[in-house]
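These are my notebook entries on one structure. I record what I looked up, in the order in which I looked.

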Amino acid sequence: MTTTTRPDAPVAAPAARRVGGAALALRQGRLEIRQFLRSRESVVFTLGFPVIMVLIFASIFDDDLGEGVSYTQYFITGMIATGLMTVSFQNLGIWIPIERDRGVLKRYRGTPMPKWVWFAGKVIMVLVTGVVMTALLLTVSVLLFDLNLPTTATAWFTFGWVSALGITACTLCGIAISSLARTARSGSAVVTPVALVLQFISGVFFVFTNLPSWMQQVAAVFPLKWMCQGLRAVFLPESFGANEPGGSFELARVALVLGAWCVVGLVLCLTTFRWTTRRDG
């Protein structure tokens, strides 16, 4: 018996192609990067601030700190660490409250998209921005101020893991501190003073050992100080480590403290992050 299909009968639609988690995260990352680039103020501040600070301070101070280490060689370590903190901690701490206040996070939570994809998009945006910012800083410093780049694979490896642990800790802390802002406008007021104070006490603008001892002890609690110290081990001679408070660059302790802050930041994110404002309940 032969069956015929009516010409006007509906044809079954092919099954929708399922998109994997990694593909979703990459798409979200591209979206976050495009949104970041559309905000010219954020782009200029995030990528331009560290470069401007290097141009200003390196042009004013040309002192020799001893053992052939110029002020620029010392200063660039702090500015890389500050730049990584800016693209992660400061950027997320300011923009997440804006998205929460506008209801963007509330709408995301109501979609079928897994919640972790939104966080993955933020992480991808931070990583890409951090790489661009670091490359820009190094390029300007090499071309204009004769910065000496690391010459060994070990130094570059140290540069990689210090930067990775530091930006991870700052990203998690930035997501966590975003919950303190009650409104979109208060995000900057909450985050910016914290970031500025940490920069001044962590050896970014000044030689760390020239700061008061109590200030050094306070800075040692937070990750920025250890990011700067780890990067000094990359860009400064090994003998210069004797000038550190601990008598060496203490890379093992740098890894321990930054790793601990990654755990602390993750716990804070899991326990404090909010998708809606307090007025939404």
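The entries below go from the whole chain to single residues.

**Basis.** I worked on a predicted model, in which local features need pLDDT of at least 70, side-chain atom pairs count only at pLDDT 80 or more, and totals for chains, interfaces and linings use all residues. Residues are numbered from 1 along each chain as its sequence is written, and side-chain values use heavy atoms, with hydrogens and water left out.

**Whole chain.** I looked up the secondary structure first. The protein chain has 10 helices and zero strands; helices (H or I, at least four residues) and strands (E, at least two) are DSSP runs, numbered from the N terminus. Read from the N terminus, the order of elements is α-α-α-α-α-α-α-α-α-α. I then took the extent along the principal axes: the C-alpha atoms fill a box of roughly 95 × 45 × 35 Å.

**Burial and surface.** Of the 281 residues in the protein chain, 48% are buried.

I counted a contact where heavy atoms lie within 4.5 Å. Among contacts with a separation of 6 or more, 79% join residues 24 or more positions apart. For the charges, Lys and Arg count as positive and Asp and Glu as negative, while His and the chain ends are not counted. Each charge is placed at NZ of Lys, CZ of Arg, CG of Asp or CD of Glu. The mean positions of the 23 positive and 14 negative charges are 21 Å apart.

**Cysteines.** I searched the whole structure for disulfides and found zero, a disulfide being a pair of cysteine sulfur atoms within 2.5 Å. C170 is in no disulfide, and its nearest cysteine sulfur, that of C173, is 6.6 Å away. C173 is likewise in no disulfide, with the sulfur of C170 as its nearest. C170 counts as buried at 4% relative accessibility, and C173 counts as buried at 13%.

**S163.** Which residue does the side chain of S163 reach through a backbone oxygen? I found that of F159, at 2.8 Å. S163 is placed in helix α6 (residues 153-177). S163 counts as buried because its relative accessible area is 14%. Leaving out residues up to four places away in sequence, S163 touches L84 and L231.

**W116.** I placed W116 in helix α5 and noted that W116 is partly exposed, at 45% relative accessibility. Beyond its neighbours within four places in sequence, W116 is in contact with G21 and A25. W116 and A25 are 91 residues apart along the chain, yet their C-alpha atoms are separated by 8.4 Å.

**Positive phi.** I also checked residues other than glycine for positive phi. D146 has a positive phi of about 55° and is not a glycine. D146 lies in the loop between α5 (115-145) and α6, and D146 is exposed, with a relative accessible area of 61%. E250 also has a positive phi, near 50°. The place of E250 is the loop between α9 (223-235) and α10 (251-272).

Note on methods:
Buried < 20%, exposed > 50% of the residue type's maximum accessible area, 1.4 Å probe, protein only. Polar contact = N/O pair within 3.5 Å; in protein donor to acceptor, adjacent residues only side chain to side chain.
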